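Open the model in your viewer and keep the sequence panel beside it. The stops below say what to select and what is there.

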Amino acid sequence: MEDVAEIRRLIDASVRGLQAGDYSAAQIEGALATVFTVDSRLIADGTYFLAFADSGELAGCGGWSFRKTLYGGDHQMEAIAPEKLDPAVDAAKVRAIFVHPQFARMGLGSLILHAAESAAIAMGFRRFEMGSTLTGMALYALKGYREVSRVVVPVGGGEEIEVVRMVKEVLHP
C-alpha cells in the first residue's frame, strides 16, 4: 500500500504514453479517473506485482485476481464483484498490467503477465480471462489469449472505452 501513489503515477504515464493511439484524449481522461485506477483489492489479496528498474524506479505493475471482477479499479463506474472464484470451474482474472513508456517493449509486460499466470496456476487455476485494452491485445494474443467479445465501458464525462474480453487455457500446468 505504501507504493500506491507511485503506482498511480505509473498508470497515468503508461496510459497517456502508450494508449493515445487507441483512445481519444477525452476517453483517456475519463478512464484515468475511473477504470485505469489502482485496485486496492488486488494489493490486499497479495496478487499484485511491481517491477522496478535497476535505478529503483517503478517500471511496471500488474497482477491477477481470484475474484469475479474482470477489470477496473477502486473508482470504476460499474459494480465491483468481490466474490471469490472456484479454480476448478472459473478463470483467474489477469488484471491491471501497466508499463511505463520508458520501459515499453522490453519484455516487462510479458514478465508481469507470466508472474501473474504462474501465481494463479499455483493456486489451482487452469484458465485465464482478462478485459484488455485495445493497446494490449497484440501482446496478449502473442501469449496465447484469444478474443471472445468486446464491451463498451463507461468512464465518466459521457465517454466510453472499448474493452476486449480475452481468454486462455493452460495446456500443461
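Which residue in β4 is the bridge partner of Val94? Select Val94 and look across to β4: the partner is Met130. This is a predicted model, in which local features need pLDDT of at least 70 and side-chain atom pairs count only at pLDDT 80 or more, while totals for chains, interfaces and linings use all residues. Residues are numbered from 1 along each chain as its sequence is written, and side-chain values use heavy atoms, with hydrogens and water left out.

**The whole protein**

Show everything as a cartoon. The protein has five helices and six strands; here helices (H or I, at least four residues) and strands (E, at least two) are DSSP runs, numbered from the N terminus. Followed from the N terminus, the elements run α-α-α-β-β-β-α-β-α-β-β. The radius of gyration, taken over C-alpha atoms, is 15 Å, close to the 16 Å that the globule rule (2.2 Å times the number of residues to the power 0.38) gives for 173 residues, so the protein is as compact as a globular protein of that length. Its C-alpha trace spans about 40 × 40 × 30 Å along the principal axes. Of the 173 residues, 46% count as buried, where buried means under 20% relative accessible area, exposed over 50%, and partly exposed in between (1.4 Å probe, protein chains only).

**The sheet**

Select the six strands. They form an open sheet in the order β1-β2-β3-β4-β6-β5, with mixed pairing; two strands pair if DSSP finds at least two bridges between them. At the edges are β1 (48–52) and β5 (146–156), each of which pairs on one side only. From one strand to the next, the twist averages 25°.

Now select β1 and β2. These two pair in the antiparallel sense over five bridges, and Phe52 has Leu58 in β2 as its bridge partner. They form a hairpin with five residues between them, and Gly56 in the turn has a positive phi of about 95°. β2 is mostly covered, with eight of its eight residues buried.

Select residues 4–18, helix α1. This helix lies across β1, β2 (58–65) and β3, and runs at about 95° to β2. Axes are lines fitted to C-alpha atoms, for helices over the stretch in contact (heavy atoms within 4.5 Å), and angles run from 0 to 180 degrees between N-to-C directions. Next, select residues 25–33: helix α2 lies across β5 and β6 (159–169), at about 70° to β6.

Is Val15 buried or exposed? Val15, in helix α1, is buried, with a relative accessible area of 0%. Leaving aside neighbours within four places in sequence, Val15 is in contact with Ala20, Ile28, Leu32, Phe36 and Phe98.

Last, select His100, in the loop between β3 and α4 (108–122). His100 counts as buried because its relative accessible area is 18%. Which residues does His100 touch, not counting those up to four places away in sequence? Show Leu10, Ala13, Glu57, Leu58 and Ala59 to see them.
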